[in-house]
Amino acid sequence: MLKYQKMKGVSIMAKGQIYDEEFKKTIVDLYNSKKPACEITREYGISNSVLYKWVKQYSPIKMEDGTITTNKELQKLKKELFKVKEENEILKKAIVIFTQK
């Protein structure tokens, strides 16, 4: 099984191969254009599991309002929303403390 390390948008596989974001998106575009997965994996030397992981992360998702995003972008937004909600709760508690004095 291949192991990954994450470094600012670059995946380093155990074999020492480095894949940047653009490469991953290009592979996903090929997959979404109906090129067979077996051809993609053979031609670019990636495993099926890596291909399908990238497809899950980078395939376009059409939202109800017509905008298009990816699963990776949604996960980033969820984390950011969680952080903002947490900060908001801290600020609410601080307001209560400072208004009591």
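1. H1 and H2 pack at an angle of about 150°, and their axes are 9 Å apart. Axes here are lines fitted to C-alpha atoms, for helices over the stretch in contact, and angles run from 0 to 180 degrees between N-to-C directions. H1 and H2 are therefore roughly antiparallel. The cut-offs: under 35 degrees is roughly parallel, over 145 roughly antiparallel, 65 to 115 roughly perpendicular, and the rest oblique. Helices (H or I, at least four residues) are DSSP runs, numbered from the N terminus.

2. This is a predicted model: local features need pLDDT of at least 70, side-chain atom pairs count only at pLDDT 80 or more, and totals for chains, interfaces and linings use all residues. Residues are numbered from 1 along each chain as its sequence is written, and side-chain values use heavy atoms, with hydrogens and water left out.

3. The protein chain has a mean pLDDT (the predictor's confidence in each residue, from 0 to 100) of 86, and 83% of its residues reach 70 or more. Residues 1–7 have pLDDT below 50; beyond near neighbours in sequence, this stretch has 16 contacts in the model. Contact means heavy atoms within 4.5 Å.

4. Which residues join H1 to H2? Phe23, Ile27, Leu30 and Tyr31 of H1 meet Ala37, Ile40 and Tyr44 of H2. By class, that is seven nonpolar, no polar and no charged residues. Ala, Val, Leu, Ile, Met, Phe, Trp, Tyr, Cys and Pro count as nonpolar, Asp, Glu, Lys and Arg as charged, and the others, Gly among them, as polar.

5. H1 and H3 pack at about 95°, with axes 9 Å apart. They are therefore roughly perpendicular to each other. The H1 side includes Lys24, Lys25 and Val28; the H3 side includes Leu51, Val55 and Tyr58. This contact has nine nonpolar, no polar and three charged residues.

6. There are five aromatic pairs. Rings of Phe, Tyr and Trp (its six-membered ring) pair if their centres lie within 6.5 Å; planes under 30 degrees apart are stacked, over 60 edge-to-face, and the rest tilted. Phe23 and Trp54 form an edge-to-face pair, 6.0 Å centre to centre with 85° between the planes. Phe23 lies in H1 (residues 21–32) and Trp54 in H3, so the pair ties together parts 31 residues apart in sequence.

7. H2 (residues 37–44) and H3 (residues 48–58) pack at about 110°, with axes 10 Å apart. That makes H2 roughly perpendicular to H3. Ala37, Ile40 and Thr41 of H2 touch Asn48, Leu51 and Tyr52 of H3. Four of these residues are nonpolar, two polar and none charged.

Definitions and conventions. Helices (H or I, at least four residues) and strands (E, at least two) are DSSP runs, numbered from the N terminus.
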